[in-house]
Amino acid sequence: MDLTLKIWRQEGPKAKGKMVDYKVTDISEHMSFLEMIDVLNEQLVAKDIEPVAFDHDCREGICGMCSMYINGEAHGPDRGITTCQLHMRMFNDGDTITIEPFRANAFPIIKDLVVDRTSFERIQQAGGYISAPTSGNTQDANAILIPKHDADEAMDAASCIGCGACVATCKNSSAMLFVSAKVSQFALLPQGKIEAADRVLNMVKQMDTEGFGNCTNTGACEIECPKGISLTNIARLNREFLKANL
Ligand code: SF4
Ligand code: FES
């Protein structure tokens with residue numbers, strides 16, 4: 001396939017960015033989207049042009065690094081996947097593809113397609129943990145029985161990879177889906193009960209401090225989330241928040 005790419009180029013956090021057109025040739029439909037950008041970058045380097053900066057690590061849908069807005073959708077035109085899992089067979093020879101960074105005030109651009117998502121880390125640090133003593137004998141497995149339904153729901157919430165697609169997709173740049181997943185994974189389990197009130201209050205406070213917007217229940221985040229994190233987690237976050245305030 002030969003493609004035209006319209007890519008956001010920005011030299012640094014303070015620089016003025018702009019969309020730049022590139023032609024890329026010899027793209028196999030079996031390549032991943034990131035491999036296609038690798039090919040583009042090789043072709044740019046051969047022409048002495050600065051390669052496009054983009055984030056990636058695992059390239060298998062685990063780390064959540066490959067944040068990219070492709071043709072107006074976070075992680076591109078497929079469902080339940082990250083950009084690294086997007087295949088070029090989703091596109092046609094001769095297509096024009098628009099590629100932008102995730103845009104949100106709380107995700108400032110570092111360079112080209114790379115954004116700073118450390119705001120998520122600070123939210124996690126505010127309460128996304130349990131403090132269990134690790135000295136002494138290890139507790140027997142299954143000593144605390146957990147209903148299967150709760151265990152499954154906690155596991156589903158814990159599958160959030162912190163990619164930020166929910167924020168980039170939301171018209172308010174709300175981080176409620178992310179925060180609700182991180183609160184729910186503990187709220188559903190007995191080990192998470194002890195610090196439950198402090199956790200939800202501190203994480204929501206940090207979310208607001210970072211400048212994320214409010215949730216207005218459009219549901220766009222759930223549709224674009226590569227891990228299928230459900231809006232029911234946001235309802236649980238609201239309940240946990242109310243309980244903590246009472
Ligand atoms: S809730 Fe979904 S879209 Fe949001 S950070 Fe987690 S995995 Fe990504
Ligand atoms: S590179 Fe890790 S999820 Fe895409």
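Visitor: Which residue stands opposite Tyr69 in strand 5?

Guide: This is a predicted model, and in it Tyr69 stands opposite Glu100 of strand 5. To read such a pair, one looks at the two strands to which the residues belong: strand 3, residues 69-70, and strand 5 are joined by 2 bridges and run antiparallel. Beside that pair, Ile70 has Ile99 of strand 5 as its bridge partner.

Visitor: What is the sense of the pairing between strand 5 and strand 1, and over how many bridges does it extend?

Guide: Strand 5, which covers residues 96-100, pairs with strand 1 in the parallel sense over 4 bridges. As a point to look for in the structure, Leu5 has Ile97 of strand 5 as its bridge partner.

Visitor: How many bridges join strand 1 to strand 2, and do these strands run parallel or antiparallel?

Guide: Strand 1, residues 3-9, and strand 2, residues 18-24, run antiparallel and are joined by 7 bridges. One of the pairs to follow by eye is that of Leu3 with its bridge partner in strand 2, Val24.

Visitor: What is the order of the strands in the sheet, and which strands stand at the edges?

Guide: Reading across the open sheet, one passes its 5 strands in the order 2-1-5-3-4, and the pairing is mixed. Strand 2 and strand 4, the latter at 73-74, are the edge strands; each has a single partner strand, and therefore one side of each has no neighbour in the sheet.

Visitor: Which strands does helix 1 lie across, and at what angle does it run to strand 2?

Guide: Helix 1, made of residues 33-46, lies across strand 1 and strand 2, and its direction is at about 90 degrees to that of strand 2.

Visitor: How is the protein divided into domains, and how many residues of each are in contact with the other?

Guide: The general idea first: the size of an interface is often given as the accessible area lost when the parts come together. For the present case we have contacts to go by. Domain 1 takes in 3-110, while domain 2 is made of 117-131 + 144-245. Taken over C-alpha atoms, the centres of the two domains are separated by 28 Å, and 18 residues of domain 1 are in contact with 17 residues of domain 2. The side of domain 1 that touches domain 2 has 9 nonpolar, 7 polar and 2 charged residues.

Visitor: Which residues come nearest to ligand 1, and which helix gives the most to the shell around it?

Guide: There are 14 residues around ligand 1, of which Cys160, Cys163, Ala165, Cys166 and Cys225 come nearest. Helix 4 (165-169) and helix 5 (176-187) are the elements that give two or more residues to this shell, and helix 5 gives the most, with 3 residues. By class, the shell has 11 nonpolar, 2 polar and 1 charged residues.

Visitor: Why does Asp150 count as partly exposed?

Guide: Such a label rests on a count of neighbours: Asp150 has 13 C-beta neighbours inside 10 Å, and so it counts as partly exposed, since a residue is exposed with 12 or fewer and buried with 20 or more. Asp150 is found in helix 3, residues 148-158, and, leaving aside neighbours within four places in sequence, it is in contact with Leu188 and Leu189. Its C-alpha atom is separated by 10 Å from that of Ser184, a residue 34 residues apart from it along the chain.

Definitions and conventions: Residues are numbered from 1 along each chain as its sequence is written. Chains are lettered from A and ligands numbered from 1 in the order in which they are written. This is a predicted model: local features need pLDDT of at least 70, side-chain atom pairs count only at pLDDT 80 or more; totals for chains, interfaces and linings use all residues. Two strands pair if DSSP finds at least two bridges between them. A residue is near a molecule or strand if its C-beta atom, placed from the backbone, lies within 6 Å of it. Ala, Val, Leu, Ile, Met, Phe, Trp, Tyr, Cys and Pro count as nonpolar, Asp, Glu, Lys and Arg as charged, and the others, Gly among them, as polar. Domain bounds come from an automatic or database domain assignment. Two residues are in contact if their C-beta atoms, placed from the backbone, lie within 7 Å. Axes are lines fitted to C-alpha atoms, for helices over the stretch in contact, and angles run from 0 to 180 degrees between N-to-C directions.
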